[in-house]
Amino acid sequence: MRKICVTILASLLLASVVVATAHAGQFGGKKDIAECFHFCIFIDFDLPVADELLRSDFVWHYGFVRALAPGEDSLAGAEAINGVKNAASAMNAGFDDLGVVHDEVFSHGDLVEVRWTASGVHNRTLLGFPPTGCTIIFTGNDLFRIKKGKIAELWQETDLRDLFAKLQQPSCQ
């Protein structure tokens with residue numbers, strides 16, 4: 001997976017240099033950019049990738065924003081980029097063997113939709129929930145807007161109530 005992320009990053013760096021004269025699709029494509037969000041930042045836990053992958057004016061709507069910033073529905077700019085890094089840090093701190101599967105990936109225009117399933121063994125405190133030792137599986141849908149070869153916006157739908165219930169279960173089921 002690391003080799004794929006390095007290849008995508010190299011393409012992104014090249015795309016950012018020539019973006020005024022080239023379409024981002026020539027440099028790995030919008031789907032690769034969206035997939036790198038999960039695989040490079042969360043699974044490879046390569047946080048500096050966020051600075052290359054996300055635009056400086058990146059906006060993150062819903063999903064884990066609500067877990068990281070209760071009462072907020074969106075984060076923007078540096079706050080959103082740091083939120084992504086904080087989410088990846090929390091997931092990697094709380095789960096062993098964190099994994100993500102992209103169940104479906106669709107692209108239309110500047111949008112990429114990813115339906116995903118994540119799992120990990122909850123062996124350390126996660127978002128304030130003590131470890132259960134259980135394998136936790138949770139799902140979500142991410143809609144990315146790609147602009148000039150970077151992620152400009154992310155709308156994320158994750159059933160946080162279900163995730164929090166699993167993090168509080170008394171025994172593995």
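**Close-up views of helix packing and the sheet**

**View 1. Packing of helices H2 and H5.** In this predicted model, H2 and helix H5 (residues 78-94) pack at an angle of about 60 degrees, their axes lying 9 Å apart. Helices (H or I, at least four residues) and strands (E, at least two) are DSSP runs numbered from the N terminus; axes are lines fitted to C-alpha atoms, for helices over the stretch in contact, and angles run from 0 to 180 degrees between N-to-C directions. H2 is therefore oblique to H5 (under 35 degrees is roughly parallel, over 145 roughly antiparallel, 65 to 115 roughly perpendicular, the rest oblique).

**View 2. Residues at the contact of H2 with H5.** Phe37, Ile41 and Phe42 of H2 meet Val84, Ala87, Ala88, Met91 and Asn92 of H5, contact being heavy atoms within 4.5 Å. Seven of these residues are nonpolar, one is polar and none is charged (nonpolar: Ala, Val, Leu, Ile, Met, Phe, Trp, Tyr, Cys and Pro; charged: Asp, Glu, Lys and Arg; polar: the others, Gly among them).

**View 3. The open sheet.** Six strands follow the order S2-S1-S6-S5-S4-S3 with mixed pairing, two strands being paired if DSSP finds at least two bridges between them. Strands S2 (74-76) and S3 (95-108) stand at the edges with a single partner strand each, so one side of each lacks a neighbour in the sheet. Strand S1 (residues 54-62) runs antiparallel to S2 and is joined to S2 by three bridges; His61 stands opposite Ser74 in S2.

Residues are numbered from 1 along each chain as its sequence is written. Local features need pLDDT of at least 70, side-chain atom pairs count only at pLDDT 80 or more, totals for chains, interfaces and linings use all residues, and side-chain values use heavy atoms, without hydrogens and water.
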